[in-house]
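Here is a briefing on the structure shown below. Have the sequence and the model open as you read.

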Amino acid sequence: MNVNDARLGRRAVLAGAAALGLAGTVGCSNNGRGASGAGNDAATKTKIRPAYERYDGVKPDLAGAEYKIPDAFNKYPANPVQAITQAPGDGKPITVTTYTNTPIPPKLEQNTFWQEFNKRVGSPVQVNLTPSVDYDKKFATVVAGDQLGDVFTVGNVPQTPQMLAAKAVDLTPHLSGENIKKYPYLANLPELAWNSGIFDGKIYGVPIPRGAISSQVMYSRGDILEAQGLKAEVKSSDDFLELCKALTNKKLNRFALATAPTQFVRNMFDVPNGWSKDGDKLVSSLEHDGQEEVLKILQQLWKSGYIHPDAYSGQNLDMKTRFANGSSPLVQDTFSGWPTYLQTMTDPKASISIIAPPKHDGSGKGTIWLGAPAIGVTAISKKAESRVETLLGYLNFLATPFGTQEYLFRKFGLPGVHHRLVDGNPVLNAKGFSEVQLGLMYQADAPWTIFLPEHAGSAETQFNAMKGVVPTALDNPAAGLYSETSNRKNKQLTDAINQVTDDIVQGRKPISAWAPAVKKWKSDGGDKIAEELAQALKSSR
Amino acid sequence: MGEKRSLGARLRRDYPVLLLAVPGLLILLAFQYYPLWGNIIAFQDYQPYLGVGKSLWSGFQNFSVIFNGDGEFLNAVKNTLILTLIQTVIVFPAPIVVALVLHSLLSNKLRQFVQTIIYLPHFMSWVIVVAIFQQVLGGTGMINNWLRSHGYSPMHIIGNVEAFRALLTSQVLWKDTGWATILFLAVLSQIDRSLYEASAVDGAGRWRQTWHVTLPGLKPIIILLLILKLGDSLTVGFEQIILQQQAVGVDASDVLDTYVYNNGILGGNWGVAAAVGLVKSAVALALVLSANKIAHRLGEEGVYRG
Amino acid sequence: MNTKRTMVGGMPMPGVTERVVKAVFLTIICAVVILPFVGVISTSLAPAEEVTKAGGFVMFPTKGIDFTAYRSILSGGTVTQALLISAFVTAVGTTIAVALTCTLGWALSRRGTIGNKALLLLVLISLLFNPGLIPSYLTVQQFGLLNSLWAVIVPVSVSAFNVIVVRSFFVGLPNEIIDAARIDGASEWKLFRYIGLPLSKAVIAVIGLFYGVGYWNSFFNAMLYLNDSAKWPLQLVLRTYVVNGVELGGQDLGLAGEAAPPQTSIQMAILMISVVPILCVYPFIQRHFAKGVLTGAVKG
């Protein structure tokens with residue numbers, strides 16, 4: 001698990017801000033759920049795991065498969081293929097319980113996208129949206145009141161497998177092995193992502209895939225570095241400190257780093273991604289030898305004033321602004337943040353370069369952490385069991401990949417009404433932006449693609465940046481495995497250890513406070529989580 | 001009305017009063033009292049998908065968060081009480097002072113103008129209040145940016161452990177002082193003007209009038225609010241604090257609500273939330289009842305006479 | 001006796017020093033409130049470029065005025081519709097709440113009536129005990145209110161705190177008036193309607209304001225009880241704008257759209273949109289805070 005994810009903290013804050021209640025991580029947080037939220041018996045998984053069949057109806061400009069990265073497109077394909085010939089719906093309403101991260105859409109009567117969507121689905125779709133930060137609370141109450149929609153996004157609650165067994169349809173007969181081929185676009189979802197949808201050896205959910213795109217890396221403002229004659233490249237931790245020094249100018253209120261680069265520095269020490277295997281056991285990355293060295297470097301960065309002074313007190317949004325306006329030319333963020341930066345950097349000369357982590361002692365390349373394979377799962381309510389094939393067909397429709405007509409419609413609506421073509425690329429207009437927000441991408445989605453029409457050449461830049469670091473990236477051996485203790489306590493444990501990290505970095509506690517904190521983490525539940533995950537992992541062999 | 005009457009006679013006499021109470025009471029019974037049964041999940045490992053009927057009983061395990069006496073919990077209680085004390089001493093009287101000043105203004109227009117302005121911050125959410133303070137006092141806030149670009153060393157306010165309580169207090173003062181004057185102004189407006197005239201005839205100046213007429217007029221509401229606030233003394237600024245916790249660390253900032261939030265609620269432990277809620281309510285009830293009794297002894301109305 | 005001083009409202013005219021001190025005091029208070037608020041307005045109106053440059057907050061915009069933030073919130077019509085819903089909920093809710101609170105408060109203020117103490121305790125305890133999220137939801141569901149605006153209005157229409165405050169006002173009314181009316185044969189309802197209410201206009205205005213602002217600002221119950229987002233009130237709709245920015249930006253959308261205004265501008269514009277209606281209504285309520293309401297009644 002990533003121990004210093006600003007986004008995670010903020011998310012919890014917002015959830016808490018709403019009211020004292022259940023909160024957790026919904027949405028795009030690419031870690032933090034740690035090892036939770038997935039099937040706990042990987043052995044049966046391999047037998048029941050849906051067969052993977054790559055969709056090759058659309059040729060990418062840059063194919064990413066061999067590097068374990070997404071395909072990249074410079075342009076939206078000119079004559080999109082029609083992926084689905086028959087509308088999946090059965091004419092009866094489909095109710096959906098999910099969350100949203102965007103403003104709600106206009107109501108059906110005023111929403112031409114929604115009307116057209118219903119037509120193409122072949123059933124009137126009723127979406128019950130909830131702001132993502134409130135979703136866990138809403139989900140728990142809706143479960144208690146037995147009010148789940150036919151299709152629902154699984155919230156973060158304890159005893160997830162038991163809850164699903166009680167409330168959701170077992171999809172195994174429909175999706176395991178070759179059965180999934182009936183739903184070719186679900187079969188196109190990456191194999192690893194399915195870990196999150198398999199519980200107790202049964203498939204209960206369709207995953208929303210992410211993976212490499214949600215890996216964290218160090219962004220730098222290529223233009224600013226260049227203006228100072230610096231290169232977006234560091235060879236050792238000392239080199240990195242030098243770079244930060246050169247980019248900091250207190251008179252101009254400029255600080256090299258928008259936030260503490262915890263993960264980047266950990267990458268320099270080859271700290272494992274959450275967990276590492278030790279025979280049959282799992283060892284937490286918190287116990288890695290390099291951690292104290294990592295903290296020493298971070299402490300130094302903070303003390304020297306290379307990290308923005310408001311890094312710990314501002315909002316997550318602020319770090320993006322600092323990078324966009326150049327007041328912090330370095331920021332640690334996920335690859336998926338790229339488009340946001342392209343949209344918010346106001347300087348026309350601004351450019352993004354990724355700095356790959358080196359080994360701390362200069363002996364080679366460091367290793368980044370691979371993002372979680374899935375960010376959520378969608379299940380089908382037991383009450384809708386008789387319509388399960390229709391509903392899977394609906395999810396299949398929502399998973400049609402980039403380059404198809406369905407994808408174009410789903411994300412961009414109708415040409416002339418919701419989007420216009422700029423150099424052959426669809427660009428949403430205001431009407432389109434407000435009408436397409438039915439929370440579709442959290443019900444089911446295609447594998448991620450790199451598509452950055454904002455700026456010519458960006459797709460290739462990002463593709464190459466990912467090609468440079470992702471193939472060697474460390475994956476989390478426990479990703480997708482379910483641990484009850486983790487589901488209940490991971491957030492609390494993570495927050496506690498984050499707090500100690502923050503205290504040490506900001507000099508409120510000595511580095512010697514780390515070891516006892518890790519010990520406490522272990523005894524408070526960390527050991528139990530390791531055990532449960534190891535058990536799940538072991539049974540997978 | 002002290003004379004003894006039969007129940008039936010009293011009912012016959014009082015039923016119009018009871019009738020007036022019925023609609024409001026029904027709402028309280030339906031939406032406040034009836035759902036209170038749900039608090040039995042304090043003794044369960046409650047799971048929404050199982051419901052109260054099928055969730056497992058866990059005895060007092062949910063209460064262990066409160067009664068295991070670990071350092072972090074005691075620290076949170078300590079911080080809570082200190083903040084409550086500060087807020088009672090500084091934040092509570094502030095709107096009274098402002099209300100007195102506003103009340104003494106001669107021009108209605110001016111008073112209404114000032115009132116309208118000072119209510120504004122109440123409508124800002126904590127996220128925005130915290131952001132505004134950040135923009136002004138933060139490490140790269142207006143003040144520090146100016147200091148740094150003129151060669152002075154910046155002031156360390158936000159993120160400074162020592163300044164944290166002062167920061168919280170000033171945020172609360174800023175946000176809610178104006179709004180809190182409303183109730184006091186309403187009370188002041190109902191003080192019988194003839195009392196002032198009478199005291200003026202007796203030769204009282206403005207200060208003496210304030211002391212002998214205005215403040216006694218405010219006394220019942222001040223005592224009422226203090227008693228009710230006492231019931232809230234274990235609750236301080238959850239949202240405000242959790243938004244700023246990362247900057248100063250748990251030691252300085254953890255209060256009861258944030259502690260419970262971090263230790264139970266985040267994991268979907270509904271039982272823990274209910275358990276803590278029950279204990280807090282019981283403490284609040286005890287505090288309010290005893291404070292009311294004391295107020296009563298001192299000859300005040302308090303919340304109620306009993 | 002100070003004969004030189006003019007009397008105003010039973011009080012001598014304030015002296016010069018007092019006036020100066022008060023003026024300085026109030027000026028400082030207003031400045032401390034107003035300046036950040038100017039920042040809020042400026043930021044909501046500043047062009048994107050300037051907001052990004054400033055890193056969030058623009059105090060004095062120099063590059064002209066830009067309504068993009070407002071336009072992007074108001075486009076799509078969801079916010080305008082939510083405004084109407086909020087206005088309905090606030091108007092109906094406040095009316096019901098004030099009626100229920102005043103009648104209950106009046107009944108509780110009649111000391112010595114049967115069960116008075118027990119009922120008061122009942123109200124007080126409801127203030128201190130919290131039913132919890134899920135039981136509240138199940139209750140609303142049992143009453144068949146799910147996905148109805150009544151679910152947002154009815155459950156919070158009696159606040160024990162307000163009941164207690166109103167009651168303490170009624171208790172403070174001069175007994176002589178009530179007793180006199182009673183001797184004249186006035187019924188309980190008439191006492192309440194023609195003596196209690198008119199003498200307590202100020203406090204009724206205050207709790208009306210409390211309820212009104214409460215209804216106007218509430219989003220949590222709406223989030224929980226209203227499935228159909230076409231029924232969402234303003235604050236819940238606006239929340240989706242804030243959530244979006246603080247958490248994710250456009251990054252998780254995989255969408256390319258026209259340049260969006262910076263999130264800070266949106267936040268500030270949202271604040272303005274939710275505050276301005278209250279400021280428009282406020283003066284009508286404020287009239288009731290005027291001095292000397294009681295005097296007239298006593299003398300007349």
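How many residues of chain A are in contact with chain B, and how many of chain B with chain A? The contact takes 38 residues of chain A and 37 residues of chain B. Two residues are in contact if their C-beta atoms, placed from the backbone, lie within 7 Å.

This is a predicted model: local features need pLDDT of at least 70, side-chain atom pairs count only at pLDDT 80 or more, and totals for chains, interfaces and linings use all residues. Residues are numbered from 1 along each chain as its sequence is written, while chains are lettered from A and ligands numbered from 1 in the order in which they are written.

**Chain A against chain B**

- On the side of chain A that touches chain B, the elements giving two or more residues are α1 (6-18), α4 (135-144), α5 (160-167) and α18 (484-505) of chain A.
- α18(A) gives the most to that side, with 8 residues.
- Helices (H or I, at least four residues) and strands (E, at least two) are DSSP runs, numbered from the N terminus.
- By class, this side of chain A has 15 nonpolar, 12 polar and 11 charged residues.
- Ala, Val, Leu, Ile, Met, Phe, Trp, Tyr, Cys and Pro count as nonpolar, Asp, Glu, Lys and Arg as charged, and the others, Gly among them, as polar.

**Chain B against chain C**

- This contact takes 77 residues from chain B and 82 residues from chain C.
- α1(B) supplies the largest share of the side of chain B that touches chain C, 16 residues.
- Other elements that give two or more residues to this side include α9 (164-189), α11 (206-231) and α15 (270-297) of chain B.
- By class, the side has 48 nonpolar, 21 polar and 8 charged residues.

**Chain B overall**

- Chain B has 15 helices and 2 strands.
- Its C-alpha atoms fill a box of roughly 65 × 60 × 30 Å, taken along the principal axes.
- Of the 306 residues in chain B, 46% are buried (20 or more other C-beta atoms within 10 Å of the residue's own; exposed means 12 or fewer, partly exposed in between).
- Among contacts in chain B with a separation of 6 or more, 65% join residues 24 or more positions apart.
- The UniProt annotation "transmembrane region", from an unreviewed entry, covers residues 15-34, 81-105 and 117-137 of chain B.
- UniProt positions are given in the numbering used here, feature names are shortened, and annotations may be inferred rather than shown by experiment.
- Residues 81-105 of chain B are 88% helix and 0% strand, and their end C-alpha atoms lie 37 Å apart.
- Residues 117-137 of chain B are 71% helix and 0% strand, with end C-alpha atoms 22 Å apart.

**Tyr46(B)**

- Tyr46(B) sits in the loop between β1 (44-45) and α2 (51-54) of chain B.
- Tyr46(B) counts as buried because it has 29 C-beta neighbours inside 10 Å.
- Not counting residues up to four places away in sequence, Tyr46(B) touches Ile41(B), Ser55(B), Trp270(B) and Gly271(B).
- Tyr46(B) and Ala274(B) are 228 residues apart in sequence, yet 9.9 Å apart in space, C-alpha to C-alpha.

**A hairpin in chain A**

- Strands β9 (residues 275-278) and β10 (residues 281-284) of chain A run antiparallel and are joined by 4 bridges.
- Strands pair if DSSP finds at least two bridges between them.
- Trp275(A) has Ser284(A) in β10(A) as its bridge partner.
- The hairpin has 2 residues between the strands, and Gly279(A) takes a positive phi near 65 degrees.
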